[in-house]
Amino acid sequence: MRITRISTHVVGTPWRNLTYVQVHTDEGLTGVGETRMLGRTDALVGYLREAEVNHIAGSDPFAIEDLVRRMKYGDFGRAGEIVMSGIACVETACWDIKGKALGVPVWQLLGGAVTDRVKAYANGWYTTERTPEAYHEAARRVVERGYRALKIDPFGAGRFELDHAESRYAVSLVEAVRDAVGDGTELMLEMHGRFSPATAVRLAREMAPFRPAWLEEPVPPENLRALAKVAGRVDLPVATGERIHDRIEFRELFESQAADIVQPDVGHVGGILETRKLAATAETHYVLVAPHNVGGPVLTAASLQVGFCTPNFKILEHFNDFADAEIKNVVRGAPEVVDGFFSRSEAPGLGVELDTDAAAEFPQQRAHFDLWADGWEKRNPDG
């Protein structure tokens, strides 16, 4: 079997463009991968057009390690977000092909299942007015849908510092959410890498009465010493990693012991096997894995393949019940959350099929997401 060509399909929403890549073979099997890019979708598609000629066309889709190695190192220049995301799409699609050809789900090819379900946490649910009352009602609806975990960034457009009034307002939002969801629901606290260590530590202590499940990206991701400074001064688990695009670059993070939970994005870190390798390394450091997942149903399905076969997999992020929920229609077999969990699929490959006609109904947009702007939480570029 050989890869004959690839095709790309960009599914657009006002705040995110989702890039789907189909890998076609000479035996009629087609696999699909997906990533979400912020402001670099055209660059990704352009890279894939070149990589198709230089590396992908004519390759054996079963020889995934070899293809990833050639795409990552065969152009000499250091692979960054765009290249690693392109690799992830193609790599995922090859696993999809391999699973379909062998008649087994991808998780079976990665060592077999260790669980029959993966817990989900909701994101994108607070696209509403930024008031305690509105957040209380929105959070209550999340729990009514069966979720037992959700994430919130309550900090407005703050950066490095957050004044007293805005800090107290953020506390009021989290207090309202905790009241709505009760004590039995995990509440993840997102900081989006915006604060200085001193501010992050202060905010974490102010939020402590509401028992956050983790503190996510408390400081900008470039400075691990700053992250370690925070981790050493708070009593909450620290999570980070969505903006690291190579599993090798996680080495310093593990060595710093500054993170309790790593959050690789399967669509940015090179794909399914790269994420599984990273999870194995994390396990040696007693670190849990909770992938960043702002993608659609294909990226969700790919992340779940890792989840079902990974002992230290904690939970999976899910936007698609709340933000742009209609994009689930671009695939057949989209994973669904029932009673707070994704159930293990036995379908071959990823278990999903891209509907290109449905995808064409969501043309690429000038998607823009600026979380330093007032009202960013509504995920509406027009306000």
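Tutor: Let us start with helices H1 and H3, whose crossing is right-handed. This is a predicted model, in which local features need pLDDT of at least 70, side-chain atom pairs count only at pLDDT 80 or more, and totals for chains, interfaces and linings use all residues. Residues are numbered from 1 along each chain as its sequence is written, and side-chain values use heavy atoms, with hydrogens and water left out.

Student: Why is the crossing of H1 and H3 called right-handed?

Tutor: A crossing is right-handed if the near helix is turned clockwise from the far one by less than a right angle, and left-handed if anticlockwise. H1 (residues 41-56) and H3 (residues 81-102) pack at an angle of about 65°, with their axes 10 Å apart. Axes are lines fitted to C-alpha atoms, for helices over the stretch in contact, and angles run from 0 to 180 degrees between N-to-C directions. The crossing is accordingly classed as right-handed.

Student: Which residues of H1 and H3 meet?

Tutor: Ala43, Leu44, Tyr47, Leu48 and Ile56 of H1 meet Ile82, Val83, Ser85, Gly86, Ile87 and Val90 of H3, where contact means heavy atoms within 4.5 Å. By class, this contact has nine nonpolar, two polar and no charged residues. Ala, Val, Leu, Ile, Met, Phe, Trp, Tyr, Cys and Pro count as nonpolar, Asp, Glu, Lys and Arg as charged, and the others, Gly among them, as polar.

Student: What describes the packing of H5 and H6?

Tutor: The axes of H5 (residues 132-144) and H6 (residues 164-181) come within 8 Å and cross at roughly 35°. This crossing is right-handed. The contact residues divide into ten nonpolar, two polar and two charged.

Student: What makes the protein chain as compact as a globular protein of its length?

Tutor: The chain has twelve helices and 15 strands; helices (H or I, at least four residues) and strands (E, at least two) are DSSP runs, numbered from the N terminus. The radius of gyration, taken over C-alpha atoms, is set against the globule rule of 2.2 Å times the number of residues to the power 0.38. For 383 residues the rule gives 21 Å, and the chain has 20 Å, which is close, so the chain is as compact as a globular protein of that length. Its C-alpha atoms fill a box of roughly 60 × 40 × 40 Å, taken along the principal axes.
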